[in-house]
Amino acid sequence: DWVVDDGNFKLSNAGDTILVYCLESGSRNVVHLGGFSFSNNWPDRDPSSYRKRKSALPVGLRSVGAVTLSHKDNYIYTGPQNGTKEEIQAFISAEGSWTGSNIQRYNPIMTSFSISPPPPVGCNSLGSGDVMVILVNSDDPDVVAFVALSEISEGIDLYMTDNAWTGSTFRTNEGTKKLIVPSGGIPAGTIFGYGQTDLSYGNDWVNAGGSFALSTSGDTVILYCLSDTNDYVHLAAFSSTGGWESPGLPEADYRTSNSALPSSLSSAGATALGHVDNSKYDGDTFGTKEELQQAIGTSDSWSTSNSERFSISSFPSFFAVEPV
């Protein structure tokens, strides 16, 4: 299916190089995808001095994507064919993963490579109060808005649940939503959340179990992620039931409207209001992380209503989180 694009493609049995690339649409800039040399190296020299079997290595392939082998006429990859993209890149780049000969020709590899997804990114860099709830509408449709008070790295899975925390784990009689933090991460000061189209990532949450549905009789919302060792890292909590139950009660004592407060959120990251359907933070939107945590966690900083829904449009475009 390959057609001639330019010149005469013919590999030299004295050694040669192969580069695979594509062109960006519009700009037509070259994007290098992979490189292969069986001429021992990729010399850096005056471009006019490159002969037919030598090439410089494109800058974009110097950390990943290139194979460098000593001169033999024929090579075949004989390394592992299973792993993450990064693992397979390392396998293919390793000289020991190749078999070469100046006599024997090799048949192409006919079995597909199995590329497994990378493991979820652990959120060890995050902690209590690095995200806080700033708006909740439990009158349908449900809306929950957060503000990031620290940068959230791309690839982290954020979980939002109205399941009760018992002191050691979550009940499973309600629901959980998951947001995979997109490329580039979420910068500190960003307002984002669930359930509203003009809210960043408002429609990007997927179901992670049960049925997430806020009760107009009062409910709790807890945001968490998982560490590299799969432990809960509680980031934020919100209650519209007047407070929090004690941890360690019989599981049945935690009903659909109440929850214990994770102990890590006892000093920062939690807000508790009296029973109300809809709530919005109305305090300062600038300050240090600690100042904003304290302000958001104070009930006097909130507007509430059992009839009026609150809009995210009343917030500024971002919170100004000042360095300490």
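**View 1. A right-handed disulfide links cysteine 123 and cysteine 225 in this predicted model.** The angle about the S-S bond is 95 degrees. The two sulfur atoms sit 2.0 Å apart. A disulfide is a covalent bond between the sulfur atoms of two cysteines. The structure holds 1 disulfide. Cysteine 123 lies in the loop between strand 7 (114-115) and strand 8, and cysteine 225 lies in strand 14, so the pair ties together parts that are 102 residues apart in sequence. Both cysteine 123 and cysteine 225 are buried. Cysteine 22, in contrast, is partly exposed, because its relative accessible area is 33%, and the cut-off for buried is under 20%.

**View 2. The largest nonpolar core has 46 residues.** Ile152, Leu158 and Phe192 touch the most other members. Several strands give two or more residues to this core: strand 8 (131-137), strand 9 (143-148), strand 10 (157-161), strand 12 (191-194), strand 14 (220-226) and strand 15 (232-239). Helix 2 (289-296) does too. A second, separate core has 12 residues, including Ile222, Tyr224, Ala237 and Leu261. In soluble globular proteins, nonpolar side chains tend to be buried together.

**View 3. Isoleucine 152 and its contacts.** Leaving aside residues up to four places away in sequence, isoleucine 152 touches Leu126, Val131, Leu158, Val181, Gly185, Ile186 and Phe192. Two of these, Leu158 and Phe192, join Ile152 among the core members that touch the most others.

**View 4. Tyr21, Leu23 and Val30 form a nonpolar patch on the surface.** Together they have about 280 Å² of accessible area. Leucine 23 belongs to strand 1 (residues 17-23). Leucine 23 counts as partly exposed because its relative accessibility is 37%.

**View 5. A cis peptide bond joins aspartate 140 and proline 141.** Omega is about 0 degrees. Proline 141 sits in the loop between strand 8 and strand 9. Most residues other than glycine have a negative phi, and most peptide bonds are trans.

**View 6. Tyrosine 201 has a positive phi, although it is not a glycine.** The value is about 65 degrees. Tyrosine 201 lies in the loop between strand 12 and strand 13 (206-210). At 21% relative accessibility, tyrosine 201 is partly exposed; the cut-off for buried is under 20%.

**View 7. Asparagine 230 also has a positive phi and is not a glycine.** Here phi is about 70 degrees. Asparagine 230 is found in the loop between strand 14 and strand 15. Asparagine 230 counts as exposed because its relative accessibility is 56%.

Notes
Residues are numbered from 1 along each chain as its sequence is written. This is a predicted model: local features need pLDDT of at least 70, side-chain atom pairs count only at pLDDT 80 or more; totals for chains, interfaces and linings use all residues. Side-chain values use heavy atoms; hydrogens and water are left out. A nonpolar core is a set of buried Ala, Val, Leu, Ile, Met, Phe, Trp, Tyr and Cys residues joined through side-chain atoms within 4.5 Å. Buried means under 20% relative accessible area, exposed over 50%, partly exposed in between (1.4 Å probe, protein chains only). Helices (H or I, at least four residues) and strands (E, at least two) are DSSP runs, numbered from the N terminus. Contact means heavy atoms within 4.5 Å. Patches are made of residues with over 30% relative accessible area and no salt bridge: like charges are joined within 9 Å, nonpolar side chains (Val, Leu, Ile, Met, Phe, Trp, Tyr) within 5 Å. Accessible areas come from the Shrake-Rupley method with a 1.4 Å probe; for residues, only the protein chains shown count as cover. A salt bridge is a side-chain nitrogen of Lys or Arg within 4 Å of a carboxyl oxygen of Asp or Glu. A disulfide is a pair of cysteine sulfur atoms within 2.5 Å.
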